[in-house]
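Here are my notes on the model, point by point. Please read them with the coordinates open.

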Amino acid sequence: MASYINHPLLKKDAIESRLYQQILAGDVLKKGNTMVVAPTALGKTIVAILVAADRLHKVKNSKVLVLAPSKPLAIQHEESFKEFITLPCTSITGAVKTDERIKRWEESRIISATPQTVESDLLNGRYDLSNVSLIVFDECHHGVGSYSYVYLASRYVQESKFNLILGLTASPGSDKFKIKEVCENLYIQNIVVKTEDDVDVKPYFNPVEIDWVRIKMSSELSKIKECIDKALKVRLKALKNMGIIKTVSVNKVEILKARGRVQGEIARSANPDKELFRAISILSAVINVQHAQELIETQGVQTFNKYVDRLRKKQTKAAKSLMWDDNFSKAMKLARDAEKHGWEHPKLREITKILKKELGDNGQTKLTTSRFEDKNDEKTSKVIVFTQYRDTLEMIHQKLEKEGIKSAKFFGQASKDGEKGLTQKQQKAIIKSFRQGEYDVLLSTSVAEEGIDIPAVDLVVLYEPVPSEVRMIQRRGRTGRKRTGRVKVLITEGTRDEGYYWSSIRKEDRMKNQLIDPDVLEELNASAIERMENEKKVKVIERPKQENNFPIVYADSREGNSKVIRHLTEMEIDVKVHSMAVADYQVSDEVAIERKTAKDFTDSIIDKRLFKQAKELSEEFKHPILILEGDDLYTGMINPNAIRGSMASLAIDFGISIIPTRNSQDTAAMIKRIAIREQEGERTPIQIRTDKKPLSLMEQQLFIVESLPNIGPVNAKNLLMHFGSVSNILNASETDLQEVEGIGKKTAKDIRNVLDSKYLYFKKEIKEKRLL
């Protein structure tokens with residue numbers, strides 16, 4: 001008979017008593033900041049709930065903050081805490097309005113949130129972390145680089161009167177230095193590892209059986225691959241002859257490093273050798289060919305053909321050279337013919353066979369009532385199929401539909417090649433339908449690796465192995481939650497599939513060895529403790545609500561995720577975040593600052609944003625400034641002279657001062673110095689630009705004319721100068737329009753067509769009005 005945990009803040013008979021979970025929770029409470037590493041489905045959330053209940057009971061009127069990397073996962077944690085704890089619990093994500101977020105924070109004792117939202121609220125001074133007695137970082141391996149977890153941990157250690165940190169993950173990674181970085185960033189002093197082999201875990205752990213399904217490449221695909229290999233070899237030989245690479249046996253990483261070296265050489269030269277640009281073009285082509293090679297080996301001809309279609313649209317020398325290449329052209333023709341005849345990758349046939357065998361006539365699972373307790377557990381099957389590419393997802397979906405297998409596509413929110421991403425609402429609806437049995441198979445990209453709650457999945461099929469041990473562990477973790485789980489991984493023999501398989505196995509073994517190595521753990525813990533002590537010495541800047549003498553910096557809300565605002569808040573600066581029409585930062589009525597990283601600067605030259613922004617900045621402010629952040633300005637694909645010319649134009653044509661900085665911290669220090677200089681003496685209120693200056697009559701006229709088909713600023717000016725007014729232009733005939741320089745027959749016809757055509761919905765709107 002099951003026994004349950006009793007606690008003043010836990011609901012009665014809600015949490016089954018499992019010794020290992022209680023020991024883990026006790027370790028956290030006894031030893032301090034802890035990372036718990038345990039396989040998926042061992043109840044890490046329950047450990048967090050037990051720790052939270054103890055903290056909330058002992059630290060009166062305190063709060064618990066649970067952070068998760070995605071909105072669905074944050075809401076899932078809210079539901080879990082509500083299920084087991086008696087105190088008010090809520091969730092805070094970007095989907096919740098500002099005023100409502102403040103209200104929820106004030107009224108709740110347990111807050112589940114996305115880190116970016118909490119960071120934004122803290123930077124805007126909406127609440128603080130002073131009375132948070134526990135912060136939980138779920139999927140804590142994200143705590144690296146500039147991810148919000150890093151800032152929030154630092155802020156928490158400085159602000160909280162009684163801090164305790166708990167990190168949860170199934171896969172911290174195989175790189176010792178990355179694990180160390182996570183521990184340092186999140187102030188982890190103690191790592192506890194639980195594996196499926198531990199005696200106290202075994203009774204509750206459902207093993208996962210992994211079946212590596214080896215597949216031979218078809219003769220049709222082999223012929224295509226042979227042509228691609230030849231196209232690749234020609235380019236690698238050229239690079240070797242140029243001295244760019246030492247051998248033609250190179251992988252993608254080595255090619256990227258070679259490109260970095262060439263870009264560096266171009267950056268260091270005032271007048272780069274043309275051969276260097278040729279090398280860059282060949283290296284780019286090699287990257288394209290290597291990707292095409294991977295698609296043929298591991299995905300299929302449909303995915304390859306869609307990639308080729310995208311290549312055709314590119315106007316780069318690298319892409320054009322491939323279209324003209326005899327070998328690559330032959331591969332394209334063979335692939336088109338293969339798709340026409342239905343000769344797909346053997347994986348597609350194998351995956352259909354696996355699913356038919358698995359589902360049979362069944363394939364439906366009833367909705368369970370709890371994440372942790374499956375009260376309607378039946379011997380039925382549900383399957384998740386993972387693949388890296390959205391094109392492959394579509395290909396599998398079409399195949400399964402033909403075979404009568406009900407499947408749903410599940411992917412991210414980003415749009416790609418005209419196909420809109422799924423909104424969060426759509427993602428939720430798909431998961432709900434899958435759980436309720438409307439679909440037998442969920443076809444997913446990496447978006448389902450973390451944080452979706454599908455407890456009744458019996459089989460996970462990986463269309464291809466991935467070289468990341470973290471992702472392999474996350475994918476495996478989707479099964480084996482209620483009974484023995486199964487994973488099938490499709491591997492094409494003699495291809496990079498095999499390399500990726502061995503890579504993930506090695507990395508996972510290394511991760512396990514490092515996590516149980518006493519020397520490694522001691523080193524990690526010592527490093528975290530030292531940083532914790534140093535952080536406590538940091539002066540916490542009190543920011544009274546009353547007026548202070550700190551310099552004021554207004555920051556645009558779009559800069560919210562940059563590290564610059566974080567660094568400014570750590571200085572004696574009063575940062576106010578607003579939505580600004582022009583510039584990223586404003587320090588006085590006359591001085592505004594646009595911040596660009598080196599990459600953003602070169603990108604803005606290519607997509608022609610730079611001079612439009614420069615024009616607006618110089619028109620709005622007397623002293624506009626551009627901060628150029630980073631020392632890798634000349635390492636991109638753009639010619640250094642184009643960069644130098646753009647900088648010269650900004651300074652001479654627009655009167656914009658350009659200030660270089662090394663990194664985000666240096667940028668923050670520079671902005672602070674400019675603010676101090678501007679705000680010396682008597683302080684006057686700063687009028688921030690939430691709207692651009694109203695357009696003059698001339699600007700309004702140009703705006704109207706530029707909205708006509710194929711009319712840019714030059715042609716708009718020519719038309720107005722020729723006809724004298726907007727009305728004269730609108731009344732001009734095609735013949736009259738063609739008298740203006742730059743206006744041809746087609747443009748004139750298009751203009752008249754727009755002006756003379758009836759509004760498409762005219763009749764429909766009249767009808768609707770009559771009905772009303």
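1. Start with the surroundings of Ile625. Leaving out residues up to four places away in sequence, Ile625 touches Val591, Ala592, Ile593, Glu594, Leu617, Ile656, Ser657, Ile659 and Ile674. Contact here means heavy atoms within 4.5 Å. Ile625 sits in strand β18 (residues 623–629). Helices (H or I, at least four residues) and strands (E, at least two) are DSSP runs, numbered from the N terminus. At 10% relative accessibility, Ile625 counts as buried. Buried means under 20% relative accessible area, exposed over 50%, and partly exposed in between (1.4 Å probe, protein chains only). Ile625 and Ile658 are 33 residues apart in sequence, yet their C-alpha atoms are 6.0 Å apart in space.

2. A word on the basis. This is a predicted model: local features need pLDDT of at least 70, side-chain atom pairs count only at pLDDT 80 or more, and totals for chains, interfaces and linings use all residues. Residues are numbered from 1 along each chain as its sequence is written, and side-chain values use heavy atoms, with hydrogens and water left out.

3. Next, a helix pair. Helix α21 (residues 598–606) packs on helix α23 (residues 640–652) at about 85°, with the axes 11 Å apart. That makes α21 roughly perpendicular to α23, a label that covers 65 to 115 degrees; under 35 is roughly parallel, over 145 roughly antiparallel, and the rest oblique. Axes are lines fitted to C-alpha atoms, for helices over the stretch in contact, and angles run from 0 to 180 degrees between N-to-C directions. Phe601, Thr602 and Ile605 of α21 meet Ala642, Ile643, Ser646, Met647 and Leu650 of α23.

4. Now the sheet. Seven strands form an open sheet in the order β3-β4-β2-β5-β6-β1-β7, with parallel pairing. β3 (89–92) and β7 (190–193) stand at the edges with a single partner strand each, so one side of each has no neighbour in the sheet. From one strand to the next, the twist averages 20°. Two strands pair if DSSP finds at least two bridges between them.

5. Which strands does β6 pair with? β1 and β6 pair in the parallel sense over four bridges, and Thr34 stands opposite Leu166 in β6. Four bridges also join β5 to β6, again parallel, and Asp138 has Leu168 in β6 as its bridge partner. Five of the five residues of β6 are buried. Both faces are covered: Ile165, Gly167 and Thr169 are buried on one side, Leu166 and Leu168 on the other. In a regular strand the side chains alternate between the two faces of the sheet.

6. β1 (residues 34–37) runs parallel to β7, joined by four bridges. Val37 has Val193 as its bridge partner in β7. Helix α4 (residues 98–107) lies across β2 (63–67), β3, β4 (110–113) and β5 (132–138), at about 150° to β3. Helix α6 (residues 148–159) also packs on the sheet, touching β2, β5 and β6 (165–169), and its direction makes about 165° with that of β5.

7. Two backbone points deserve a look. Asn61 has a positive phi of about 60° although it is not a glycine. Asn61 is in the loop between α2 (44–58) and β2, and is exposed, with a relative accessible area of 64%. Tyr187 also has a positive phi, near 60°. Tyr187 is in the loop between α7 (176–185) and β7. Is Tyr187 buried or exposed? Tyr187 is buried, at 0% relative accessible area.

8. Helix α10 checks out on length. At 1.5 Å a residue, the 25 residues of α10 (residues 274–298) should span 36 Å, and the end C-alpha atoms are 37 Å apart, which agrees. The expected span is 1.5 Å times one less than the number of residues. Of these 25 residues, 21 are buried, so α10 is largely enclosed by the rest of the structure. Just after α10, Gly300 takes a positive phi of about 150°.

9. Last, Gln427. Gln427 is found in helix α16 (residues 424–435) and is buried, with a relative accessible area of 7%. Its contacts beyond four places in sequence are Phe410, Phe411, Gly412, Gln413, Leu422 and Val447.
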